[in-house]
Amino acid sequence: MVAAMLGLVQTPSGPLVQRDLPAPDASGEAIIRLEVGGICATDLEIVRGYMGFSGVLGHEWVGVVEAAPDAASAWVGRRVVGDINCPCGACPTCRANRPTHCPNRTVLGIAGRDGAFRERLALPVANLHAVPDGVAPEAAVFVEPLAAALEITEQIHVRPTDRVAVLGVGRLGQLCARVLALTGAEVVGVGRSPARLALLPRSVRAVAAADLDERGFDVVVDCTGAAAGLARATELVRPRGTIVLKTTVHEAAGVAPTPWVIDEVTLVGSRCGPFEPALRALAAGLVDPTPLITARFPLGDGVAALAAAARPEHVKVLLEP
Ligand SMILES: [Zn+2]
Ligand SMILES: [Zn+2]
């Protein structure tokens with residue numbers, strides 16, 4: 001194993017590229033050579049202090065397995081993606097089959113575990129999912145956020161007769177809109193940036209936020225990444241409708257809950273989702289995320305890549321070793 005390697009690290013004074021990272025410890029976990037990493041809004045939040053995380057950034061990635069203790073013949077040489085939650089496997093929550101909510105979990109590049117933006121990363125073999133032939137690395141790198149979009153349909157019944165509004169058509173909103181359109185529902189993507197609205201597929205109707213004069217949506221998904229998103233969703237949802245919260249802003253939303261009571265609105269918090277359906281959707285061509293790629297940077301320019309990803313003209317920024 002190489003002695004030192006390159007990675008993008010969040011430190012208490014901000015992100016920096018480190019060239020002398022120790023190689024990951026192979027004991028018990030798979031070692032994966034990074035092919036492509038994707039920067040998401042959560043990474044940008046972490047750089048601003050979310051979760052108080054220090055360590056290697058990154059949880060959206062695709063790579064090739066180089067070592068897999070006790071499972072080498074099954075995994076070595078395969079292109080993989082991986083679940084980012086690493087549960088303890090022993091607590092009551094894990095035993096109740098809710099591993100993504102394990103109170104003892106670490107989360108790749110987010111909580112208690114170095115992330116994927118390094119030349120080689122480590123993850124338990126149990127977290128790995130093989131990428132089907134025919135799914136290119138630049139599509140597979142979207143599996144984690146695509147799974148998060150699919151989590152909505154895991155949680156609520158979206159009917160083909162529903163009207164659905166997705167607020168925010170950035171990285172995650174674009175994927176949520178694509179997934180929800182697969183249900184046959186009438187999906188409206190609402191955003192401020194004309195460039196981002198133009199990226200929506202034909203299955204989603206693009207509406208500029210300032211022009212939206214419709215109300216009474218059956219389902220409203222908040223992907224704005226802004227505290228104001230929940231208030232806006234509350235205005236748009238119909239009585240007994242559902243608001244799905246994808247935004248993880250860490251300040252108070254500042255919205256009065258009265259309409260949720262009067263109108264009997266259901267609020268659904270929504271986070272990580274299932275990887276296998278995301279891989280199937282990519283393999284079958286049901287969702288094409290690649291038009292969302294607006295820039296690619298070498299891993300060594302990771303700090304510049306983070307700065308680019310924070311600018312509104314960019315949607316998905318990729319990192320390549
Ligand atoms: Zn993410
Ligand atoms: Zn557990």
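The points below concern the domains, sheets and helix packing of a predicted model.

1. Domain division. The chain splits into two domains. Domain 1 takes in 4-142 + 289-320, and domain 2 covers 149-269. Taken over C-alpha atoms, the centres of domain 1 and domain 2 are 27 Å apart.

2. Contact between the domains. Domain 1 supplies 13 residues to the contact and domain 2 supplies twelve residues. On the side of domain 1 that touches domain 2, helix 1 (residues 41-47) gives the most, with three residues. That side of domain 1 consists of nine nonpolar, one polar and three charged residues.

3. An open sheet is formed by three strands in the order 2-1-4, and the pairing is antiparallel. Strand 2 (14-22) and strand 4 (55-56) are the edge strands; each has a single partner strand, so one side of each lacks a neighbour in the sheet. Strand 1 (residues 4-11) is joined to strand 4 by two bridges in the antiparallel sense. Val9 has Val56 in strand 4 as its bridge partner.

4. Helix 11 on this sheet. Helix 11 (residues 302-309) packs on the sheet and touches both strand 1 and strand 2. The direction of helix 11 makes about 150° with that of strand 2.

5. Six strands make up another open sheet, in the order 13-12-11-14-15-16, with parallel pairing. Its edges are strand 13 (204-208) and strand 16 (266-269), each with a single partner strand, so one side of each is left without a neighbour in the sheet. From one strand to the next, the twist averages 20°.

6. Strand 11 (residues 163-167) and strand 12 (residues 186-191) run parallel and are joined by five bridges. Arg163 has Glu186 in strand 12 as its bridge partner. Strand 14 (residues 217-222) also pairs with strand 15 (residues 237-245) in the parallel sense, over five bridges. For Phe217, the bridge partner in strand 15 is Val237.

7. Burial of strand 11. Four of the five residues of strand 11 are buried, so this strand is largely enclosed by the rest of the structure.

8. Burial of helix 6. Helix 6 (residues 171-181) is mostly covered, with eleven of its eleven residues buried. The buried residues include Arg171 and Arg178 as well as Leu172, Leu175, Val179 and Leu180. Gly173, Gln174, Cys176, Ala177 and Ala181 are buried too.

9. Helix 5 against helix 10. Helix 5 (residues 143-155) packs with helix 10 (residues 275-283) at an angle of about 105°, and their axes are 8 Å apart. The two helices are therefore roughly perpendicular to each other. From helix 5, Val143, Leu146, Ala147 and Leu150 take part in the contact. Their counterparts in helix 10 are Phe275, Pro277, Ala278, Leu279 and Ala281. By class, the residues of this contact are nine nonpolar, no polar and no charged.

Technical notes
Residues numbered from 1 in each chain as written. Chains lettered and ligands numbered in written order. Predicted model: local features only at pLDDT ≥ 70, side-chain atom pairs only at ≥ 80, totals over all residues. Buried ≥ 20, exposed ≤ 12 C-beta atoms within 10 Å, placed from the backbone. Pairing = 2+ DSSP bridges. Contact = placed C-beta atoms within 7 Å. Axes fitted to C-alpha atoms, helices over the stretch in contact; angles between N-to-C directions. Parallel < 35°, antiparallel > 145°, perpendicular 65-115°, else oblique. Nonpolar A, V, L, I, M, F, W, Y, C, P; charged D, E, K, R; others polar. Domains from an automatic or database assignment.
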